Each structure stands twice: as C-alpha cells, then as structure tokens.
Amino acid sequence: MRIALAVVAVLAGLPAGARAATGTMDWQRKVVTCTGAGAANLRDAAGNVAVARIGAEKAAKLDALRSCMETLKGVQLQTGQTVGGALESNATLSGKVEGVVRGFRVVGKPRYFSDGGVEMDVEVPLEGALSDALLPRPDPKPPAAAGPPAGTSLVVDARGLAFVPALAPRILVEGGAELYGPATLADAGRRGGAAAYARDLESAKASLAERLGTDPLVVKAVRAQGADLFVSQADAAGLAGRNLAFLSEGRVIILGGQDPEKRP
C-alpha cells in the first residue's frame with residue numbers, strides 16, 4: 001500500500017547545496033515519511049564544522065517540513081480532490097495542517113557528513129490531528145439501528161480492483177446509495193481516519209487488530225471509482241436494518257492495493 005510520491009521541494013530559501021527531497025505515503029501504517037537535508041554554511045560559521053552543523057540541522061528540519069507538506073498535498077482526500085486542493089481554497093485549514101506537520105517525528109538517527117551537512121528522516125501520522133482537520137464535515141447521518149451491534153468492523157475486500165487510497169473513501173451500493181462515508185463518522189471517530197488499508201485479512205489482524213475487532217463483517221467490492229468502492233445490492237441488503245454503530249467510529253478496513261514494501 002505504499003505509494004512513492006516523488007516531490008520536488010520548494011527551493012526558495014533553502015541553503016546552497018540542499019537537495020530536493022522525496023516523500024512516501026504508507027497507507028497501511030497511515031504515515032507520510034520524508035527526508036530533509038541541510039547544507040552547512042562554513043563561511044558564516046568561520047570554518048567551525050560543529051557550529052555550522054547547528055544551522056544545517058535547522059535547514060534539514062525546514063526541508064523536511066516542506067517535503068512533507070508537498071507530499072501530503074498529493075494525497076487523495078476523496079474521489080476527485082487532493083489534500084492540496086482542499087488547502088488551496090482554505091487558508092485557515094492550510095495553516096492548521098502546517099502546524100500539525102511541524103510536529104513531525106524524527107525517525108532513526110540523523111546522518112552527519114564530514115562537510116557539516118545533515119540529513120534526517122521524519123514521519124507524520126495521518127491519523128489523529130491531521131485526520132480530524134482534513135476529513136470533510138458534512139451533516140451527520142441518522143443514528144444506527146437499535147439492537148446489539150452486528151459486528152465489530154466492516155471489511156471491504158477490494159483485492160483485484162484498481163482503486164485510489166484516500167483519507168475519506170466512500171462505500172457505495174450499486175445504484176448510488178451511500179453505505180459509508182465521512183458523514184457517518186462521529187466526532188470521536190474522526191481522529192482515527194475514515195478507513196484503514198491492509199493487503200489482506202491476515203495482515204489486518206496483525207497490524208489493525210484493535211480496529212478490526214473479533215467479529216468483522218466482510219463484504220466484497222464489485223467495482224471501484226477513484227477512492228470510492230461499490231458493493232452489491234445483495235450485500236447491502238444483508239446489512240440493512242442491523243446495528244452498525246461501529247461505523248461511526250471509523251471501523252472500516254479496505255483490503256487490496258499495492259504491497260506496502262513495493263515502491264513503483
């Protein structure tokens with residue numbers, strides 16, 4: 001599920017020698033991973049590599065921020081809209097998202113070079129504050145049907161279909177009715193994102209056990225359109241009238257897509 005996004009960093013303001021960075025979106029782990037590079041300015045540091053390295057570290061973090069923002073802008077928010085499109089039309093949202101991305105986590109150890117330059121890898125989780133900020137906020141749907149919960153999660157088997165992973169995918173019934181989407185989420189469920197992705201049920205059990213629960217309901221997607229997946233009317237009828245309260249918590253897992261270890 002890992003989709004490599006080659007991103008050219010915004011070069012204005014970068015120190016001489018800083019390179020364009022590449023960001024990667026891992027849909028199974030729901031993280032953006034980027035590399036930031038900073039060149040040392042030995043002239044301003046009077047030839048002191050240790051002093052120059054401090055400036056290089058600041059430049060590397062700025063480079064990582066820019067790379068993560070550009071990578072995030074290329075992520076699909078929902079069918080027909082990227083995160084970048086949503087940010088472009090909303091300055092308040094753009095500032096909020098950049099503030100969240102600034103809190104990225106440095107993973108591993110920074111790499112220091114003999115000339116004082118620094119390179120570091122960072123991660124930004126999509127779930128949490130980013131999901132809460134970015135997920136669309138349509139009018140909520142009516143409460144779930146009464147009675148005991150019909151299961152612990154909804155698993156949509158989309159293996160073999162060409163779909164686009166997104167922050168806010170929808171599950172539709174053939175014919176157009178919406179079974180699940182951002183409108184289904186309660187406020188408490190937004191921070192976990194609208195859906196999770198896994199290669200297959202076994203990998204979902206290994207990495208998404210809490211979201212999956214012990215009694216998942218599995219349906220087969222019959223076709224895909226962008227990030228949206230369609231299920232048959234027969235499967236939808238089997239869910240009708242049942243208590244699917246777990247949907248308001250975003251307990252939806254989509255199976256399929258690329259192997260998370262492969263990078264095109």
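Which salt bridge partner does Glu70 meet, N to O? The views below take this up. This is a predicted model: local features need pLDDT of at least 70, side-chain atom pairs count only at pLDDT 80 or more, and totals for chains, interfaces and linings use all residues. Residues are numbered from 1 along each chain as its sequence is written, and side-chain values use heavy atoms, leaving out hydrogens and water.

**View 1. Glu70 and Lys73 in helix H1 (residues 49–73).** The side chain of Glu70 meets that of Lys73 in a salt bridge at 3.3 Å, N to O (a side-chain nitrogen of Lys or Arg within 4 Å of a carboxyl oxygen of Asp or Glu). The two are three residues apart, about one helical turn. Glu70 is partly exposed at 26% (relative accessible area: buried under 20%, exposed over 50%, partly exposed in between; 1.4 Å probe, protein chains only). Lys73 is partly exposed at 32%.

**View 2. Lys30 and Glu127 form a salt bridge.** Their closest N and O atoms are 3.2 Å apart. Lys30 sits in the S2–S3 loop and Glu127 in the S7–H4 loop, so the pair ties together parts 97 residues apart in sequence. Lys30 is buried at 5%. Glu127 is partly exposed at 31%.

**View 3. Arg105 and Glu123 meet in a salt bridge.** The N to O distance is 3.0 Å. Arg105 lies in strand S6 and Glu123 in strand S7, so the pair ties together parts 18 residues apart in sequence. Glu123 is buried at 10%.

**View 4. A salt bridge network.** Shared partners join Asp132, Arg137, Asp187 and Arg190. The count of salt bridges comes to 18.

Terms used:
Helices (H or I, at least four residues) and strands (E, at least two) are DSSP runs, numbered from the N terminus.
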